[in-house]
Amino acid sequence: MLEVVTQAPELGIETERERVEGLARKAIATHVLPALGAEGRDFELALPAYGKSSLVYLVDVDGGSSFVLRVEPSWRRYPAFRRRRNATLFWTRHELPTPRLLYQGLSPATRLKTGLFLLAEQKIEGINLIDQAQHRGGYSALGRTLARVHGVRRSWHHGALFRPELGSYAAHFQRRNQARLRQLEREGALTSEAQGKLGRWFEQFEPALRSVKSFNLIHHRCSESDVMVDVEGKAWMLGPYGAGFGLFETDLVRAEVYICRDDPEKVGRLQQAYFGSFHPECFRLHERVAPAFRAELHLAHACRGVTERTQELESLQRIANV
């Protein structure tokens with residue numbers, strides 16, 4: 001009986017993946033290829049090697065261009081899928097290095113005919129950055145690309161791209177991290193003394209954060225599955241749907257942790273290219289606030305689950321020297 005209960009969810013997930021893939025194959029043949037001028041051509045479908053998802057496919061067309069197909073079967077998640085499209089259009093309007101849209105199938109009629117909402121995007125011919133171990137230039141390319149993205153600024157709000165947050169950025173930063181510390185105290189992961197010390201440590205960064213007068217466009221995720229380096233050595237940011245406005249440190253710290261894996265040489269190449277392309281005052285701000293953003297990353301991880309909580313809290317307390 002226990003064996004049956006354990007296996008049933010896996011069988012259900014696999015069946016749903018097969019169903020969605022079948023719908024995607026039909027939609028490619030009936031909607032996407034005709035729109036791209038490749039009607040009737042053979043094609044192959046595969047899941048990406050990184051960021052693997054049953055809702056994203058790599059499509060190689062016989063005698064034609066390849067593309068990435070994103071699908072969404074749920075009416076309930078349609079608004080988020082539409083925001084994904086709008087974010088991509090925002091980035092391409094600013095001529096930022098992200099794949100452009102080739103086909104949009106977001107109408108209710110498309111969903112009724114195919115069972116899916118559809119977005120086809122340009123496929124970047126290159127390799128993922130974490131496969132660039134022997135080509136150190138990829139980390140410099142990422143630094144230049146991030147500097148270009150962060151050069152898009154907005155002074156009147158921060159927060160998600162189409163859901164702005166008003167008020168002090170420093171206050172928002174403090175509120176969300178103090179709330180996380182209180183959560184960990186309630187769950188018994190931190191003593192009240194440690195929670196208080198960490199809270200006071202975060203507060204020391206408030207003056208520097210209050211000095212920020214304009215906000216950078218940020219990718220926000222900036223993980224290893226979000227960066228491709230093309231054949232010319234240019235870095236591209238994939239999936240900008242979680243983008244918003246905030247402080248450049250959010251992306252820079254995530255790139256150092258998730259992509260460079262805190263390797264000093266890789267981080268050095270990234271920072272040299274980044275600050276060489278950016279304003280000098282940003283490096284001074286980086287020196288003042290980077291520990292807070294690095295600590296916030298570990299704090300957020302510790303709040304999301306208990307599997308690696310001890311390791312994340314040890315990293316947090318090591319950074320804060322608490």
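A pocket, in this predicted model, is an open set of grid points with protein on both sides within 12 Å along at least five of seven lines.

Q: How much space lies in the largest pocket?
A: The largest pocket holds about 860 Å³ of space.

Q: What makes a residue part of the lining of the largest pocket, and which residues lie nearest its centre?
A: A lining residue has an atom within 4 Å of a point. The largest pocket has 41 such residues, and Ala160, His220, Gly242, Ala243 and Gly244 lie nearest its centre. Elements that each supply at least two residues of this lining include strand E3 (67-72), helix H2 (78-93), helix H5 (169-186) and helix H10 (280-304). By class, the lining has 19 nonpolar, nine polar and 13 charged residues.

Q: Why are E6 and E11 called paired strands?
A: Pairing requires at least two bridges between two strands. Ile127 stands opposite Val229 in E11.

Q: Which strands of the open sheet are called edge strands, and why?
A: The sheet has three strands in the order E6-E11-E12, with antiparallel pairing. Strand E6 (126-128) and strand E12 (235-237) are the edge strands, as each pairs on one side only. From one strand to the next, the twist averages 30°. Helix H4 (residues 137-150) packs on the sheet, where H4 touches E11 and E12, and the direction of H4 makes about 50° with that of E12.

Q: How do you know that H8 and H10 are in contact?
A: Contact means heavy atoms within 4.5 Å. Residues in H8, among them Leu252, Val253 and Val257, meet residues in H10, including Val289, Phe293 and Leu297. The contact comprises eight nonpolar, three polar and four charged residues. The two helices pack at an angle of about 65°, with axes 9 Å apart.

Q: What is the handedness of the crossing of H8 and H10?
A: H8 passes H10 in a right-handed crossing; that term applies when the near helix is turned clockwise from the far one.

Terms used: Residues numbered from 1 in each chain as written. Predicted model: local features only at pLDDT ≥ 70, side-chain atom pairs only at ≥ 80, totals over all residues. Heavy atoms only, no water. 1 Å grid on protein atoms, 1.4 Å probe; cavity = no way out; pocket = protein on both sides within 12 Å on 5 of 7 lines; lining within 4 Å. Points joined across faces, edges and corners; volume = space filled by probe spheres on them. Helix = DSSP H or I, 4+ residues; strand = E, 2+ residues; numbered from the N terminus. Nonpolar A, V, L, I, M, F, W, Y, C, P; charged D, E, K, R; others polar. Axes fitted to C-alpha atoms, helices over the stretch in contact; angles between N-to-C directions.
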